[in-house]
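Trainee: I would like a close look at the aromatic rings in this model. Please take them in one connected account.

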Amino acid sequence: MPARASDHVAGPDTARDPVIGRRSGPGGGPVPFGVYVHVPFCAARCDYCAFATWTDRDGLMADYVDACLSELARASDHGELAPATSVFVGGGTPSRLPADELARVVEAIGRRPGAEVTVECNPEDADAARFGRWREAGVTRVSFGVQSMAPHVLAGLGRRHGTAQAERAVALAAEAGFASTNVDLIVGAPAETDDDLRATLDAVLCLEPRPPHVSAYLLTVEPGTPLAADPARHPDDDTCARRYELVDATLSGAGYRWYEVSNWAVPGHECRHNRLYWDQGAYRGIGCAAHSHRSGRRWWNVRTPERYIAAVRAGRSAVAGEEVLSESQRMFEGLVLSLRTSGGVPASVVPDDPDLDALVERRGERAVLNVRGRLLANDVAVRLALNGAAGCPR
């Protein structure tokens, strides 16, 4: 993308813009619009992490928050922000920010009544005062990076907290009045056994109160990470598949419903912000390395906090690049995303094929991946696209 965002992202005519200008969606509800805020600060970098995070930039926190506030103000002035139906503050480690600094950002984001506002939190950062300030600012949901409840698995992943801190964090969130919390797990670490995973799931289900949302991600090897440099610690595909099936069976048996490949929730506690991504909705990213999307156009900010702060201070765009999807690309992406969810795709686009029949369940007019199919979701999407499904309605 050219250096000046004003050349391409300046205020749309809200009478014509397909997202910002609409006041209601299907059924009369507000058109979903999300704001994502990236916080790049961490106390330590996990061995598997390839995100835009830094452990030695805490001195930039106040300047970084000021830059985020400036970017929000400019985006609003340019007509790029609708009142948000969901906000997600991720990282990095958002809970690394002082509570008042994070609250300044959340409070600056215009929101619809009843908007979902999620903040990611490391268990070791949990305290009553922090959560109380977040609640005052409008945060409604906390997502905890627990990853495992087995100490040796946590150590193998490079995590710093223990199981007692995870238990305390969930309890403090409930005491602060958060009705919806999420626990993130990472599945498939070589240090983990099947029994370790069973014990982790049992411990999560025994938390007081029980988190109504659980995300379980299969461990992936990202280039340039310490994990990538140590082949002996790489996950095994068959082991990961078996453990995914264990996660699904355990959570389903406990009353959770899967609604996306890596996400299970008690009905009514699905993450609205993440659903916005899977539905190819519109969202605006704030902060370094943050991505935005509207109507098939994606753009992203410069990666480092120093460059981001400098650009915003100088009155320049922080945008580093963009891509505009063709209609066929957008259709295929929509197919891939729909397949990953419990809504599935129209049954009519799935041909009669013994291989596909083993991976897909037909539920009335929809076709939904079964447990094994979820593990091969991208392969199934390619098969359907080759059959012409990518051009069909979702």
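Which charged end sits over the ring of W258, and how many Å from its centre?

Mentor: The model is predicted. The charged end over the ring of W258 belongs to R374, and it sits 3.9 Å from the ring centre. A second case of this kind involves R135, whose charged end sits over the ring of F178, 5.4 Å from the centre. F178 also belongs to a cluster in which ring pairs link F131, W134, F144 and F178.

Next, the pairs of rings. A pair of aromatic rings is described by the distance of the centres and the angle of the planes. Searching the whole structure gives nine aromatic pairs. One of them is F41 with Y64, an edge-to-face pair with 5.5 Å centre to centre and 85° between the planes. F41 lies in the loop between β1 (33-39) and α1 (61-77), while Y64 is in helix α1, so this pair ties together parts that are 23 residues apart in sequence. Both F41 and Y64 are buried.

Another pair, F131 with F144, is edge-to-face as well, with 6.1 Å centre to centre and 65° between the planes. Because F131 lies in helix α3 (residues 128-137) and F144 in strand β4 (residues 141-147), the pair ties together parts that are 13 residues apart in sequence. F131 has 0% relative accessibility and therefore counts as buried. F144 is buried too, with a relative accessible area of 1%. Both F131 and F144 are members of the cluster that includes F178, and F178 is the ring under the charged end of R135.

How values were computed:
Residues are numbered from 1 along each chain as its sequence is written. This is a predicted model: local features need pLDDT of at least 70, side-chain atom pairs count only at pLDDT 80 or more; totals for chains, interfaces and linings use all residues. Side-chain values use heavy atoms; hydrogens and water are left out. Rings of Phe, Tyr and Trp (its six-membered ring) pair if their centres lie within 6.5 Å; planes under 30 degrees apart count as stacked, over 60 as edge-to-face and the rest as tilted. Helices (H or I, at least four residues) and strands (E, at least two) are DSSP runs, numbered from the N terminus. Buried means under 20% relative accessible area, exposed over 50%, partly exposed in between (1.4 Å probe, protein chains only). A charge sits over a ring if NZ of Lys or CZ of Arg is within 6 Å of the ring centre and within 35 degrees of the ring normal.
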